[in-house]
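Take a look at the model below. Keep it open as you read.

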Amino acid sequence: MLAVLVVLGAALGAALARGLGAPVAGAQCVEHDCFSLHWARGGFAGARQGCEKRGGHLMTVRSTVAADVLELLLQNSTAAARLWLGLHLPRDCTELSRRLRGFHWVTGDANTDYDNWRRDGPVCGRACVDVSRDLRWEERRCQDSLDGFLCEYNYPGTCRGLPGGDVTYRTPFGAQDSDLVALPPDTEAWLPALGLELVCKKQDGGRFRWSTHLPGAWACQVENGGCEGTCQEKDGHPSCACPEGRKLEADDRSCSAPCASAPCEQLCVPHGADFICMCHEGYELTEDGVHCRDIDDCRVNPQVCEQICINTEGGFECHCHQGYELVEGKCKDVIDCYTVFCQHHCEDVPGGYRCICFEGYAPHPKDPFKCVLFCNESQCPAECDPHVQSNCVCPDGFILDETETGPKMCIDINECEMQHCDGICTNTLGSFRCDCPEGQVLHDPYTCVNRSDFEIEISGSGEIYLQTPVPTQLPPAKSLHPGALVGIIVGTLSMIIILIALIYHLMKKHFIAQRGMDYKCSSSIEKEVGLYHVTPGCSSAGQKL
């Protein structure tokens, strides 16, 4: 058994070696794809490795164009020859592609616009596929030994074939031919009559062109001598020339604009064979003539914006103050009174609005949207409810004068009489002011202390700092006027007397009713002799004669 395995392994190794070393028997290139034919007996695995070693894969025939290429490659083969195609059965065979009967290309997909099966067969039949000169596909076991295989190579671009017949191409996948019209990258072209060897290389800009490692032009009749500009020969020596405004590169064949390698940071302007660096709008050229820096437009032109200018990289932005909005580059006043509601009246002013209080009112000290009663005299009319004249209110710092019988008036409270201020008290309309004698300062809004108590010496500095508390603007809680206090006391006593009288009246009425009920109970017993009678409210259960 071991001997059999050794023999099989040796045979498989030999088949793989034949596939890897099989020469190219034919080649065709179409656009960016090339195909090659190899005669070497072996199985599918060896054929697959033979293509992959050359940088390709087994051939896929997805279209009629690929079928035409296949026909050209097989035109000189015998009718009995069988070659491996890049079509095999995956391990998890399904009917995803009915056209390919569950088979996949070696590229891993089942996309195709073309098929050419020799006969109808079962889905997911034998594992691999071959092709013959009649272009028919046939299922086979992958272990079968066939006559050869076909390879496919895909490239990003190709060079066109050189004119004339005296040229030999050597492709990177091993083909040596003179009739190829498209050549893949790294193909070598040998022109013995001119003693010239060229290589297909990718140039700047993504184009593929013939080139050589030596500088300078070659014979002008072959690809314009390799010149990007014009090729000219003088005394048998070819040379390249570039159009005006461009210059030759180091290879003496390529042309470039002066700005191609210029160090300009932003803009480059050709100037003959030289260049000049420039900057975008909003920038200026620095002293080195290469770099650019931002221009502070707001500083250079202070009037560029109507109100606020903010410099930006390469430009500037105009903004408006609060209460304005930018309209077509101009700051327009916003009519805020449409959206802001004052308690009394809203007046629109440039850049905003202003709340105005009615006569007799002033803005609330903590809420500018609201208004409070205000009096700038020693007495002012009170604001009373027209339906309940006794319900009246006065401004802060004023009290209702209860002694007047006519219209209700509010009189200023003299806070200084209440002795809230520890220093010198000055009464004002609706408030008061507390000052301290010389040498003292306010400790709180109403208390004076010696100045020396507030001197703090900063350690190490020797400097004296004076801390003077600022008195609050809010007055202390107001004490009631003496007249109001007397009124409250009299009213309270009156309520107590009325309450006592009411209780006495209710108790007296109750006792009188009780005595009347007792009399009725005794009278009914005496008068209604011989009847069984129960009187509600009486303690007796009844009398019977």
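This is a predicted model: local features need pLDDT of at least 70, side-chain atom pairs count only at pLDDT 80 or more; totals for chains, interfaces and linings use all residues.

This report covers strands, disulfides and a pocket.

Start with strand S2, residues 33–42. Of its 10 residues, 7 are buried, so S2 is largely enclosed by the rest of the structure.

S2 has partners. Strand S1 (residues 24–30) runs antiparallel to S2, and 6 bridges join the two. Gln28 stands opposite Phe35 in S2. The hairpin of S1 and S2 has 2 residues between the strands. There, Glu31 takes a positive phi near 55 degrees. Strand S8 (residues 146–154) also runs antiparallel to S2, with 8 bridges. Trp39 has Gly148 in S8 as its bridge partner.

Strands of a sheet pair through backbone hydrogen bonds, either parallel or antiparallel.

Leu191 has Leu196 in S14 as its bridge partner.

## Disulfides

A disulfide is a covalent bond between the sulfur atoms of two cysteines. The structure holds 21 disulfides. Cys128 and Cys142 form one of them, with sulfur atoms 1.8 Å apart. The torsion about their S-S bond is about 90 degrees, so this disulfide is right-handed. Cys128 lies in strand S6, and Cys142 in the loop between S7 and S8, 14 residues apart. Are these two cysteines buried or partly exposed? Cys128 has a relative accessible area of 0%, so it is buried. Cys142 has 22%, so it is partly exposed.

Cys342 and Cys355 form another disulfide, also with sulfur atoms 1.8 Å apart. The torsion about its S-S bond is about -75 degrees, so it is left-handed. Cys342 sits in the loop between S27 and S28, and Cys355 in strand S29. Both cysteines are buried. A disulfide also joins Cys421 to Cys434, S to S 1.9 Å. This link is right-handed, with 80 degrees about the S-S bond. Cys421 is buried at 13% relative accessible area, and Cys434 is buried at 7%.

## The second largest pocket

What is the volume of the second largest pocket? It is about 320 Å³. The pocket is lined by 13 residues, and the closest to its centre are Gln203, Asp204, Arg209, Glu228 and Ser254.

Strand S15 (residues 208–211) gives the largest share of the lining, 3 residues. By class, the lining has 7 charged, 4 polar and 2 nonpolar residues.

Notes: Residues are numbered from 1 along each chain as its sequence is written. Side-chain values use heavy atoms; hydrogens and water are left out. On a 1 Å grid over the protein atoms alone, a cavity is a set of points where a 1.4 Å probe fits but cannot get out, and a pocket is an open set with protein on both sides within 12 Å along at least five of seven lines; lining residues have an atom within 4 Å of a point. Grid points are joined across faces, edges and corners, and a volume is the space filled by probe spheres set on the points. Helices (H or I, at least four residues) and strands (E, at least two) are DSSP runs, numbered from the N terminus. Ala, Val, Leu, Ile, Met, Phe, Trp, Tyr, Cys and Pro count as nonpolar, Asp, Glu, Lys and Arg as charged, and the others, Gly among them, as polar. Buried means under 20% relative accessible area, exposed over 50%, partly exposed in between (1.4 Å probe, protein chains only). Two strands pair if DSSP finds at least two bridges between them. A disulfide is a pair of cysteine sulfur atoms within 2.5 Å.
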